[in-house]
Amino acid sequence: MSAGPPASEQGSASRPSVRGLLHLLRVRALRRLVYVRVLCAFGDGAFQGALAVLVLFSPERQTNPADIALGFVVLLLPYSVVGPFAGALLDRWSRRRVIVWANLIRCALVGIVALQIAADLPNIVLFVTALLIMGVGRFVGSGLSASMPHTVAKDSLVGANALATTSGAIATAIGGGYAIALRGLLGESSGRIAIITATVLLFYLAAALIATRFRLMELGPDETDEPAQTMRAVLQGFASGLHHVIARPTVGLAVLVVMAVRFCFGLCTMVVLLLFQKHFTEGMWVLRPGPTGIAEVLAVGALGVFGGAVVTAPVVRRLGRTRWLVILLTAVSIIVLAFGGLFTIWSTLVTTFAVGFAYQSSKVCMDSVVQADSDDAFVGRVFALYDTANNLSYVLAFCLGVLIVPPQGNGLGAVILVAAVFLATGWGYGWAMLRLTRRPGRPVTVLAHSESAPPDRTE
């Protein structure tokens, strides 16, 4: 299915150019897309939180780094397997229809997982169904990102991404806290965890209902260059998306930056889980170890994400993306070295805030580059490839963590590695963008929205 005339006739000129949070929220299509993202993200966080409570903090289980890594590999494997195929279909089918049906399918699968938990089935059975849920979720995540340029003009994408992705990240953290809080209220029995899991389908259902309010082709694609045969288009999705990324160096650099930051985020996640499970045994003031401490970390991480979103757009207007990323990633590498290796609850929270801030700010910047510098006919495949690469680096972080993170989580090697990757990423991106902007004969269109044009007029 290719886009019909109504979508293409609207064109980018009809998409509003706005700045400031209040003005962005007045854009009905963007506001509706944010609602869908928030509900989906809350459901994702609650689902993952319920599984974490079941697997990590059950009294009868003793989890080690390899077990945690295996759990995350299983949950994130669909991002790598399904991503390229999702992208090809998102550049071919109505993205609105894909988002609606993917959420409805997830509703059914979450109900199945809840029944499996209530029946005390082995973890491997739960993970298989979780694989399906996360795999279908790839269509939702990539679809929402690919749809963003259909709600606002290109010069408003930084602010729109700051609003949408930050709202989603905070909703994910709150969703995880929701599952942990319900566990504290209802108890740890399988039946109670099954009830918590079953509530997740309500959020996916609400997201599907809101998405139906978009017109069929309102979210694109406006055009398609894919073969007429669906299967052939799916099989070519990965190759064509990769080719487009290579042809647009600013897009390729954006993908590499977020991969590196995502790797750091993953390694930090593993360290934090082990610290609160085994290393921290006593609380400090209101700070607590165990599942309660994890909920506090989620809250602090959400604050960091929110701070990154609020600060990014105005700072980018003043400094430009490249200069801001160099400063940001250099600063966070210093913070990680200074606080990450102390291995106390308060220093872990400081590090969590900084890493969350850096991750969200860099992702807001790079998402806008990918959206602005990718053709609409390719943006679904590019974002699917983008998400796939990011989550492969996340999985790689957990696999490497098995080798370098001790069972208690208090390993300096991981801290030093994270700081080094942040520093190398910031300075590497700055050097690469300097080379691109000074290279003779570089087509203006490649850099038009990434660096050579005036900073984005958003926020």
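**Confidence, fold and local features of the predicted chain**

Among the elements of the protein chain, helix α17 (residues 444-447) has the lowest mean pLDDT, 41, whereas helix α9 (residues 200-211) has the highest, 97. The model is a predicted one, and over the whole protein chain the mean pLDDT is 82, with 81% of the residues reaching 70 or more. Another covers residues 443-459, for which the model has 55 contacts beyond four places in sequence. Where pLDDT is low, the predicted coordinates should not be read in detail.

The secondary structure of the protein chain consists of 17 helices and zero strands. Of its 459 residues, 58% count as buried. Contacts were also examined by their separation in sequence. Among those in the protein chain with a separation of 6 or more, 87% are accounted for by residues 24 or more positions apart.

The packing of one pair of helices was described in detail. Two packed helices are described by the angle between their axes and the distance between the axes. For helix α11 (residues 249-279) and helix α15 (residues 379-404), the angle is about 35 degrees and the axes are 8 Å apart. The crossing of α11 and α15 is right-handed. In the contact of α11 with α15, 19 residues are nonpolar, six are polar and one is charged.

Cysteine pairing was considered next. The structure holds zero disulfides. C264 is accordingly in no disulfide, and the nearest cysteine sulfur, that of C268, lies 6.6 Å away, while a disulfide requires two cysteine sulfur atoms within 2.5 Å. C264 is buried, with a relative accessible area of 0%. C365 is likewise buried, with a relative accessible area of 0%.

Several backbone features lie in the loops. Most residues other than glycine have a negative phi, and most peptide bonds are trans. The peptide bond from G220 to P221, however, is cis, with omega near 5 degrees. P221 is placed in the loop between α9 and α10 (230-247). D120 is not a glycine, yet its phi is positive, at about 55 degrees. This residue, D120, belongs to the loop between α5 (95-118) and α6 (123-147). With a relative accessible area of 55%, D120 is exposed. A positive phi of about 55 degrees is also found at F343, again not a glycine. F343 sits in the loop between α13 (321-339) and α14 (345-373). The relative accessible area of F343 is 11%, so F343 counts as buried.

Further positions illustrate how parts of the chain that are separated in sequence are placed relative to one another. L287 is located in the loop between α11 and α12 (290-319). Its relative accessibility is 15%, and L287 therefore counts as buried. When residues up to four places away in sequence are not counted, L287 touches E296, I345, W346 and L349. The C-alpha atoms of L287 and V297 are separated by 9.5 Å, the two residues being ten apart along the chain.

A169 is part of helix α7 (residues 157-186). The relative accessible area of A169 is 25%, which makes this residue partly exposed. Apart from residues up to four places away in sequence, A169 touches V305 and Q360. A169 and G301 are 132 residues apart along the chain, and 9.4 Å separates their C-alpha atoms.

R192 lies in helix α8 (residues 190-198). At 39% relative accessibility, R192 is classed as partly exposed. The residues touched by R192, leaving aside those up to four places away in sequence, are L186 and G187.

Key. Residues are numbered from 1 along each chain as its sequence is written. This is a predicted model: local features need pLDDT of at least 70, side-chain atom pairs count only at pLDDT 80 or more; totals for chains, interfaces and linings use all residues. Side-chain values use heavy atoms; hydrogens and water are left out. Axes are lines fitted to C-alpha atoms, for helices over the stretch in contact, and angles run from 0 to 180 degrees between N-to-C directions. Helices (H or I, at least four residues) and strands (E, at least two) are DSSP runs, numbered from the N terminus. A crossing is left-handed if the near helix is turned anticlockwise from the far one by less than a right angle, and right-handed if clockwise. Ala, Val, Leu, Ile, Met, Phe, Trp, Tyr, Cys and Pro count as nonpolar, Asp, Glu, Lys and Arg as charged, and the others, Gly among them, as polar. Buried means under 20% relative accessible area, exposed over 50%, partly exposed in between (1.4 Å probe, protein chains only). pLDDT is the predictor's confidence in each residue, from 0 to 100. Contact means heavy atoms within 4.5 Å.
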